[in-house]
Amino acid sequence: MSDQTGPPPATPAPVPPPDPGAALSLRGLWKRFGQKIAVAGVDLDVPAGSFFGLVGPNGAGKTTSLSMATGLLRPDFGTVHVHGTDLWAQPDRAKATLGVLPDGVRLFDRLTGAQLLTYAGLLRGLDRPTVAERTEDLLRAMDLVGDRDTFVVDYSAGMTKKIGLASAMIHAPRVLVLDEPFEAVDPVSAANIRDILHAYVEDGGTVVVSSHVMDLVQRMCSHVAIIAGGHVLAAGTVADVRGAQSLEDRFVDLVGGRRESEGLAWLRSSSASS
Amino acid sequence: MVAQLVRLKLTLLANTFRRSVWQTIGLVVGSLYGLGVLVLVLVAAVAGGAADPVVTGQVITLLGALVVLAWWVVPVFAFGVDATLDPRRFVTFAIPRRTLLTGLALAGLVSVPAAVTTLAALGVSLAWWRQPAALVAGLVGGVLATALCVVGSRATTTALAPLLDSRRYREVLTVVAVVPLLLIGPAFGWLADGVEVTVGGSGADALGEVVGPLAQVAGWTPLGAPWALASAAGEGAWALLVARLAISLATVALAWWVWDRALARELVTPRGGGTAAEGKGLGWFARLPATPTGAVAARAATYWLRDPRYAASVAMVPLLPLVLLAVGLSNGAGGGLFLVMAPLAAWILGFGISNDVGYDNTAFALHVATGTPGRVDRWGRVLPVLAGGAPLCLAFALVGCAVAGRWDALPALLGLTCGVLGASLGISSAVSARLVYPVPKPGESPFKSPQGAAMATMLAQMAAMGIVLAVSLPSLALALPAILLPQPALGWAALVVGLLTGVGVLLLGVRWGARTYDRRLPELLQQVMAFG
């Protein structure tokens, strides 16, 4: 935290009103769980048509923020606007334009892959021919055609991520919010998914992803926000945020916590001593 | 390590107090109830011991054998075994299995039923407070009996777990287990007949005559042997004492060995292994209307047929005719009892969805993310049960009337059944949007009861059952005299009132549930996420 350009400039005193043009506009989001304040006043604008990366250390409040931004978790304070619609005042309208891949939740895994996509499509109010057509397209795009009739409970971790991602996209949302979408996904599938997401952004969609992998975010995203301790430390285009440094170095500078490695000496000697 | 496992169990128990008020209330109520039972048992033992040690010893042996049997069998079919300390969690810690087993066994004593059983098993030896030798034998027997309960229940559940995980085997096992239960009734009837013929004397003698031979047999079985130690010592039958002690020790050792073997196998066999099953096409999704409500109904129907947790909750329904047949034959009530079948089935079916969001677990996030409205969610869950349950209940009602030879009771019976089905579905829809309690997670054995859930579950279910009973009272008040007196005119009134109650409560319950659901959708999700 010794960096001069740390938290103070990133949190200007007057917070502008929600940006109706932004795909996602968060203002003053707070969430407390018991004694622990998970999110302490997050303000964030995700410009429409951006590929937005949300990075932060473990426990920074990424998942909590994204849950509040997608209607899964009611904030203690603050507002969320999706393309100008107040999510918590008009959840039905706002949720219709959102596609969500939450992290750490189950799927209805006694359904087959094709059934799960059909279920998600029908819940979104699509008609049967549309659902059938998009199910086929998504299964092909996710390389799951051969596993369409396998129960999701028997899918591997990566396949489960992919089918979850597919069910988030079936209603052609304007904004996709994906929490850790590449976790456990093999490199080939990840590259395919990135292509799909890039094409989606080029056609005017907005993607928000959270990730631990700085390299990936630096290469993939147009915009980035660094979040730690429940605050947004920096936000903007990837070029603005990282400056001359790599995103990873910039992140470590902002978040702090690197220590000179000398500890765990016993770990190195354990094989010799035992 | 053993002490650490026990401490872990205590810590987990203490943490449930911090997590949920309802679980705390449940635990307190459960403890008070257990304490009441305990005091009752102790007073009865001491008083009985003072009056007639022989008969008291026989009664203790019989009841004790039943308690052990309950410990062994009930977790397999009903509540499941307390899975707070799931042995799988310790796989990576390289704990010697002997230590793990000892620790799990001792930690298994940390629960309300186990504590009550332990204290009662030790306490009943007070019946012999005037005979020190018998008292000591009773204490030893109490320890052995407790060990038999705890280790035996672990042994049966662990050994049967692989079988119980697959639905087909479980259905077979349920039938196999129900058959001896069915025989209990006729057995008692047969015994009572025998006693009446031979004695016909005074009450106490008759009791002794019934209990005596039964206790004699039970004392030699592994279930009753530890409870009969004190009796043997009290009568000075030392050879008998040694024999029963040997039986008890051998049984505990055998149960321990079975548990050890089963656990060793379970720890190296990942759950859900076996061949990946394949579904065919879209199933119900292709058959039901392509609307959100139709989709929820299709999903629910798929789960009713494919998820063993649902099957377990309604496993009783197809067995109802068998059970009633046995009871009816044994106590001479005859076919009349079959009239109960339809309302009972309606009640069980309606209750199947009383914790549906809990069964979804965090998969429910899909409904939240898609903003599925409460009306859609509630009706989608009700409709499959209604569509499958109504014809089944109708068939049960017709069969019931036919077997009982009471076609005149049909209107009243139909009214009552409709009322109960509608009411339990409606109340379930309303309650499940408000009260969510932990159940086995998707893919887990339906016979594991999650940590700290038993009491909360029972309270929630009791509350819902109470409401269902309350709203069914009008149709019950008309149907009972109509059937029992019999009074056909009242029967038609019961039909009308029952239909009105069923439809009315269903509509109101679903509407109330939908409104609650819409208001607290994210909170509902957070509740199931807190189950972990």
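Is Asn361(B) buried or exposed, and how many other C-beta atoms lie within 10 Å? Asn361(B) is buried, with 24 such atoms. The views below show a predicted model, in which local features need pLDDT of at least 70, side-chain atom pairs count only at pLDDT 80 or more, and totals for chains, interfaces and linings use all residues. Residues are numbered from 1 along each chain as its sequence is written, while chains are lettered from A and ligands numbered from 1 in the order in which they are written.

**View 1. The loop of chain B that holds Asn361(B).** Asn361(B) lies between α16 (356-360) and α17 (365-369) of chain B. Helices (H or I, at least four residues) and strands (E, at least two) are DSSP runs, numbered from the N terminus. Although Asn361(B) is not a glycine, its phi is positive, near 55 degrees. A residue is called buried if 20 or more other C-beta atoms lie within 10 Å of its own, exposed if 12 or fewer, and partly exposed in between, with C-beta atoms placed from the backbone.

**View 2. His83(A) in a loop of chain A.** The loop joins β4 (77-82) to β5 (85-86). His83(A), not a glycine, has a positive phi of about 50 degrees. His83(A) counts as partly exposed because it has 18 C-beta neighbours inside 10 Å.

**View 3. Helix α2 (residues 62-69) of chain A.** This helix is mostly covered, eight of its eight residues being buried. Among them are Lys62(A), Leu66(A) and Met68(A). Gly71(A), with a positive phi near 90 degrees, follows α2(A).

**View 4. The hairpin of β1(A) and β2(A).** Strand β1 (residues 24-33) and strand β2 (residues 36-46) of chain A pair in the antiparallel sense over eight bridges. Two strands pair if DSSP finds at least two bridges between them. Leu29(A) has Val42(A) in β2(A) as its bridge partner. Two residues separate the strands, and Gly34(A) in the turn has a positive phi of about 60 degrees.

**View 5. The contact between chain A and chain B.** Each chain is represented here, with 35 residues from chain A and 35 residues from chain B. Two residues are in contact if their C-beta atoms, placed from the backbone, lie within 7 Å. On the side of chain A that touches chain B, α3 (91-96) and α4 (113-123) each supply at least two residues. The most comes from α4(A), with seven residues. By class, this side of chain A has 17 nonpolar (Ala, Val, Leu, Ile, Met, Phe, Trp, Tyr, Cys and Pro), eleven charged (Asp, Glu, Lys and Arg) and seven polar residues (the others, Gly among them).
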